[in-house]
Amino acid sequence: MQPKEIEAIHRDYLKQEAKSRCWVFSTQCLLFLVFLGLWELLARTNTINALIFSYPSKIWAQFWSQLVDGSLLPHVGMTVWETIVGFLLGTLLGAVIATVIWWSPFLSRVLEPYLVIANSMPKVALGPVFIVGFGPGLMSVIAMGCAISVIITTINVYSGFREVNQNYVKVVQTLGGNKRQIFRLVILPATIPTLLATLKVNVGLSWVGVIVGEFLVSQQGLGYLIIYGFQVFNFTMVMMSLAIIAVVATLMYQGVALLERRLTSQFK
Amino acid sequence: MNQIPSTQAKIELSHVTHLYLSTTRAFMAVRDINLRVEEGEFICLVGPSGCGKTTLLSLIAGLETPTAGKVLIDGKPVRGTSRQVGYMLQQDYLFNWRSIEDNVFLGLDIQGIRTRETEQYALHLLDEMELADVRKASPQQLSGGMRQRVALVRTLACQPEVLLLDEPFSALDYQTKLKLEDLVFSTLRKHKKTAILVTHDLSESIAMGDRIYIFSRNPGRVSCELAVPAAIRESLPFHARNQEGFQDLFHRVWKEMEVVSGAAKGN
């Protein structure tokens with residue numbers, strides 16, 4: 001077979017691939033547009049209750065007017081800020097706890113049942129405790145965003161530490177390495193993929209924690225907007241907030257996914 | 001026990017017994033092992049799987065402390081891992097997140113002896129193994145044989161006096177294995193290292209070793225000891241296989257192994 005022929009076959013393959021990708025994408029877009037169109041149509045013809053479900057063009061108008069008069073961005077900013085802080089704190093704290101219990105097998109055996117209990121506990125149920133403890137405001141919301149991810153991070157990262165192939169540890173041991181070196185040279189770098197996978201889970205979890213936290217206490221944020229819209233029966237505002245959350249949460253998730261691809265490329 | 005310095009062994013095991021303890025049982029891995037390795041000697045340990053060969057290496061490396069008996073290096077009891085002893089595993093276990101060069105410097109980093117001089121020595125070894133042009137590459141880009149050579153350099157870079165080799169050729173294809181045997185053999189000879197090789201391959205043990213210990217299992221103990229004739233001992237492993245007497249020795253080892261496995265089955 002000539003190199004030219006091979007090239008031609010490969011080119012055909014690439015063309016086929018591009019075509020199928022294009023089909024998938026356009027179907028996705030079409031599906032979204034059909035969804036919006038149907039929604040709009042059904043609401044305007046009053047087949048579904050426009051007061052409860054609102055409709056896309058009205059939501060867009062609400063979004064635009066709130067964006068222009070500057071009353072929207074502070075809410076978005078607040079929620080994003082709380083989520084990022086809660087997410088980082090939860091992840092960091094979880095990783096630190098995991099490190100400590102990896103360090104001390106005794107402690108890990110002691111803490112095991114407590115971790116199991118803490119993990120099966122619905123963290124949002126702690127809401128009232130946080131409000132009393134941290135006051136009705138930013139701190140409580142962040143604490144909620146953090147609490148919801150910290151235990152699962154601890155469990156995931158710790159099991160990641162334990163799954164590191166013992167022969168890598170043996171390599172460092174036979175070269176004379178102590179426990180600190182084993183951690184720094186093997187355990188930590190080998191679990192970077194696990195850590196990043198945990199980050200991806202935590203982004204979603206922190207959103208849940210922060211929104212619930214805002215439901216309970218806050219004066220600002222997208223969770224507050226949802227509750228406020230609900231109370232004044234402005235479901236256009238509720239729907240708009242939901243749409244914003246969907247977009248921003250997806251962006252954040254993609255950001256972490258990008259980071260993951262960058263940092264784990266050398267492990268594949 | 002009167003030890004005269006001139007007859008002091010490099011490695012000496014006397015009445016070593018080791019138990020592995022778990023909640024369900026106490027398993028005796030090796031029992032009453034006596035073994036002497038002189039400086040610069042190349043010793044092979046063969047025996048059926050589960051006869052405690054790897055346990056012995058762990059004891060000599062200081063990864064485990066014997067339940068009873070003594071493990072001495074240069075007449076001093078082994079306490080934990082030390083710079084003196086290098087260990088090579090069945091697979092290379094190179095760190096994918098470090099370049100070849102950084103993998104080779106790993107031991108220097110750990111022991112805090114990374115200087116320009118030691119780095120130069122490590123790179124010189126890399127060059128000796130014909131790996132100089134991949135020093136910036138990452139481990140995934142290398143073949144199995146190359147990776148195992150890097151692992152050897154990583155071990156040798158710390159300049160251990162004793163090298164423990166735990167089936168280092170078993171994961172390689174046959175051709176690579178033969179080539180690497182020659183390379184390891186000549187490198188260790190050249191740098192005058194004392195070495196203990198654990199292997200499943202009987203012909204490998206004869207081709208590489210000065211002496212061969214055959215182990216039986218349940219629990220692991222020395223069943224017999226064989227000396228390899230000078231002609232075989234002194235030629236490179238690849239040629240050793242064609243030396244006169246090689247086949248005879250092979251048959252003897254084979255027979256001993258039959259006895260050992262037969263005895264294990266009889267238990």
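Me: Which residue stands opposite B:Leu163 in S8(B)?

Reply: In this predicted model, the residue across from B:Leu163 is B:Ala195.

Me: Which sheet holds S7 and S8 of chain B?

Reply: The open sheet of six strands, ordered S6-S7-S8-S3-S9-S10, with mixed pairing. S6 (85–88) and S10 (221–227) of chain B are its edge strands, as each pairs on one side only. Neighbouring strands in this sheet are turned by 20 degrees against each other on average, with direction ignored. Helix H5 of chain B, residues 144–156, lies across S6 and S7 and runs at about 165 degrees to S6(B).

Me: What makes S2 and S5 of chain B edge strands?

Reply: They belong to another open sheet, of four strands in the order S2-S1-S4-S5, where the pairing is antiparallel. S2 (26–37) and S5 (76–77) each have a single partner strand, so one side of each has no neighbour in the sheet. Further in, S1 (residues 11–21) and S4 (residues 68–73) of chain B are joined by five bridges. One pairing between residues is that of B:Ser14 with B:Lys70 in S4(B).

Me: How many helices and strands does chain A have?

Reply: Chain A has 12 helices and zero strands.

Me: What sets chain A apart from a compact globule of 268 residues?

Reply: Such a globule would have a radius of gyration near 18 Å, whereas chain A has 24 Å. The C-alpha trace of chain A spans about 75 × 75 × 30 Å along its principal axes. Chain A is also divided into domain 1 (3–48) and domain 2 (66–267). The centres of these two domains, taken over C-alpha atoms, are separated by 34 Å.

Me: Which residues of H8(A) are buried?

Reply: They are A:Tyr168, A:Lys170, A:Val171, A:Val172, A:Gln173 and A:Thr174. The label is given because each has 20 or more other C-beta atoms within 10 Å of its own. Their cover includes H9 of chain A, and from chain B helix H1 (53–61), S6 and helix H3 (106–111). Over chain A as a whole, buried residues make up 31% of the 268 residues. Just after H8(A), A:Gly176 has a positive phi of about 95 degrees.

Me: Which element gives the most to the side of chain A that touches chain B?

Reply: H8(A) does, with seven residues. Helix H8 (166–174) and helix H9 (179–190) of chain A each supply at least two residues of that side. Altogether, 14 residues of chain A are in contact with 16 residues of chain B.

Me: Into which kinds do the residues on the side of chain A that touches chain B divide?

Reply: Six are nonpolar, seven are polar and one is charged. Gly counts as polar in this division.

Key
Residues are numbered from 1 along each chain as its sequence is written. Chains are lettered from A and ligands numbered from 1 in the order in which they are written. This is a predicted model: local features need pLDDT of at least 70, side-chain atom pairs count only at pLDDT 80 or more; totals for chains, interfaces and linings use all residues. The radius of gyration is taken over C-alpha atoms; the globule rule is 2.2 Å times the number of residues to the power 0.38. A residue is buried if 20 or more other C-beta atoms lie within 10 Å of its own, exposed if 12 or fewer, and partly exposed in between; C-beta atoms are placed from the backbone. Two strands pair if DSSP finds at least two bridges between them. Axes are lines fitted to C-alpha atoms, for helices over the stretch in contact, and angles run from 0 to 180 degrees between N-to-C directions. Two residues are in contact if their C-beta atoms, placed from the backbone, lie within 7 Å. Domain bounds come from an automatic or database domain assignment.
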